[in-house]
Protein chains: 2
Amino acid sequence: MSLERVPFELSKDYLDLVLQAVEQHDDAFIRDTMDGVNPADISALLDEVDTDEARYVLDVLNNEVSAEVIEELEEDTRKEFLEELEPEEIAKYIVEMESDDAVDIINDLPVKTREEVIAAIDDPESAAHIQELMRYDEDCAGGLMAKEMIVANINWTIDQTIEEIRRQAENVKKIYSIYVVDDKGKLKGRVSIKKIILANDETHIKDIYEDDIIHVETYMDEEEVADIMQKYDLDAVPVVNLQGRLVGRITIDDVIDVITDQAEEDRQLMSGISSDVEEDDTIWAISKARLPWLIIGMIGSTLGALTMGVFEQELDKYVTLVFFIPMLMATGGNVGIQSSTLIIQSLTNRSNFEESLSKRLLKMLFTAILTGLVLALFSFVIVLLWKGSDQIQFAMVVGAAIVGVTMLASIMGTITPLVLDKLDVNPAIASGPFITTTNDILGIIVYLAIANLLLP
Amino acid sequence: MSLERVPFELSKDYLDLVLQAVEQHDDAFIRDTMDGVNPADISALLDEVDTDEARYVLDVLNNEVSAEVIEELEEDTRKEFLEELEPEEIAKYIVEMESDDAVDIINDLPVKTREEVIAAIDDPESAAHIQELMRYDEDCAGGLMAKEMIVANINWTIDQTIEEIRRQAENVKKIYSIYVVDDKGKLKGRVSIKKIILANDETHIKDIYEDDIIHVETYMDEEEVADIMQKYDLDAVPVVNLQGRLVGRITIDDVIDVITDQAEEDRQLMSGISSDVEEDDTIWAISKARLPWLIIGMIGSTLGALTMGVFEQELDKYVTLVFFIPMLMATGGNVGIQSSTLIIQSLTNRSNFEESLSKRLLKMLFTAILTGLVLALFSFVIVLLWKGSDQIQFAMVVGAAIVGVTMLASIMGTITPLVLDKLDVNPAIASGPFITTTNDILGIIVYLAIANLLLP
């Protein structure tokens, strides 16, 4: 291998050595072995130790590295850790962070501590940036953006722009583009860094900038921002306020976090976990997140049981009817989840031309009929094979019920996420226990009603 | 608004005007109205028209824009479209693309066409790059990387490096970093573009490059690459071969596609859709993707029915028993899905320190017991409220069955994804109909067995 030490291998042994060094106050060991290690790796290490030990290690490292380590800590660990620090200590790290990360961390602090931390920040520009960003909702473009970026006046030369880059070099980690504004601060366009390198020093920005660039507004929803950046393959996007003034920029790393958080939230909603828990949370926290939907599912199936109670006489007469209840329930549940997932997927990848609602429902209905008929044929054969060919009438009841359930479950699975989306609720919840439970009950009702009609 | 025309508003009216222009061969209209429009927007438009019309529009636009439009088309539309083109026509667009995108598109063509397209590429360097990249599996780092990047020899000066940037400016759309290699082409490190701008022209690369940078190897799995780039907030990562030679780089836009594709695949597997379909596919394609898991679910619930057949006498005696089968099934299914989702989530966010298997199973078991007891209490109350207080024995059967089912379903839901992951199967499949069906049957067996034991 041509390069050493990368990616850093985190071993249990090294963790033990670090803990030993903390105990013996061996600062040199900590400083030397962590020199050049990526902060994200140090975070992974500190996620495993106590707050006091983490604090010791971060004190030994330089503030800039420590700030990055704190940014990369797991949310739970970070919260615990920051609770132990004095506001002045937090401020010392905050001032080293990019403004968007700083605000995310400050927003996690208790309200009183927030004020104290901001008061303790000794760089007035940084404090002003943070206070400005705190005004925005966390889920919108304003809440994602950072103040750090390179801005050039449209009348500048390349030389003046490079001077500005030099001035900001410390603050702006990644440049991506230079944004061009007029004297009033209104966004006019951008110049790629490639052009800056290749242009003559005396060239004017106004002669080389691109004027038709994509931007977002402060109030835009974070998922809309993510869609735009993904669709147009942007690494960074400028954010303007209502007056068209450039107020910040959003970089692709923040958008990746939006995308992965969204995927995780969808997965949890689809499986009926009601709050954001992880496998390494406490047993109590996990149970608390799981119980609500399980109890709702239970109430739902009690309704199913009550339905069966209504048909008690029929069930008493034909016990065989009961045997196929699981099949009807399973089919209804599975069909409903499939339908809602397809709809949610098309809600996620919104294209510019959406088919009309009636066309979508019609298509869904045809799919349901086709699927239902195949499954009905299948169940018909199963019943005959098991119960003998004299049970044709009974096999027909099961088959007819399967078609009915498939159609009803498809309709439910299609409409529910569409309604939820209109109500601004994450439609992924529809693929979870909600649809399953509803379809379980629908399955039972349809089945027993058809049996009641067709059997002597 | 300070900027016009961005994001481009795609209207049905404009679509009609374009179609009319195509019919009347009004090239000027097409060229003028699409000038400066982002290629991704033109793609969204062409996704809605016939192949012949799309071909006409792309012929009118310049090749560079058309190539980008083709890249951004939906996969299905693109496939259909390319089938209509001659190899020479495809080659004309391919040569304008970055090598990784070119290879993705060529790999979608029939084998015979691939050869013809490569033979028709008139730029030998581009053809060589494509042939090199085609050797790699699509799912590994080699399959994600592009050959376009700026590479500087460690002995060069800044001046020489800027000369290289000028030479490659056309090919490399986004620079991100300049990679530093030795005379043998081995990766030594990188120089940020910021440093290039700020350094003196006579400075040597070897005096300013960073040597401890993160890289990946060609054979690395694409998801591992995505994890690394996300963990370390990288916009681009250099790819080296087994000899440590720099062979390409992976940019963040490709990794975002990996992340979103993975999320979509997980969602589909969790809902029992067996191949990659979308709402706008044909009814037949959608049904075909949905039927396999529905049929498997049906076979599973037939096994459930057979189980009930074994207990036919008991069911005949106590019809009330039947009423709670849906509740047991629903609880087993929901608990199983929740457990598997938590495990899959922790498999996705692999940290460096994993808890041991036994510790995880133990924790899961305690959670199951806690959850099971709460649910049992709940069901106990439901039974008593409904059936009256003389049914205490029956309420106990239901409660005991709930605890048993919760524990069994948790174990299944925990172990199945772990086993699938070991077998290199996407564990998300475990959160789908597989777990639900298994737990349906388990629920019935546990319930009826307990009833058989406890009821007189």
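In chain A, three strands form an open sheet in the order S4-S5-S6, with mixed pairing, where two strands count as paired if DSSP finds at least two bridges between them. Its edges are strand S4 (216–217) and strand S6 (246–251) of chain A, each of which pairs on one side only; strands (E, at least two residues) and helices (H or I, at least four) are DSSP runs numbered from the N terminus. The structure is a predicted model, in which local features need pLDDT of at least 70 and side-chain atom pairs count only at pLDDT 80 or more, whereas totals for chains, interfaces and linings use all residues. Residues are numbered from 1 along each chain as its sequence is written, and chains are lettered from A and ligands numbered from 1 in the order in which they are written.

Strand S5 (residues 236–240) of chain A pairs with S6(A) in the antiparallel sense over five bridges, and Val237(A) stands opposite Ile250(A) in S6(A). Helix H16 (residues 252–270) of chain A packs on this sheet, touching S5 and S6 of chain A, and its direction makes about 60° with that of S6(A); such angles run from 0 to 180 degrees between N-to-C directions, with axes fitted as lines to C-alpha atoms, for helices over the stretch in contact.

Between the chains, 114 residues of chain B are in contact with 114 residues of chain A, contact being defined by C-beta atoms, placed from the backbone, that lie within 7 Å. Helix H17 (residues 283–310) of chain B supplies the largest share of the side of chain B that touches chain A, namely 17 residues.

Technical notes
Two residues are in contact if their C-beta atoms, placed from the backbone, lie within 7 Å.
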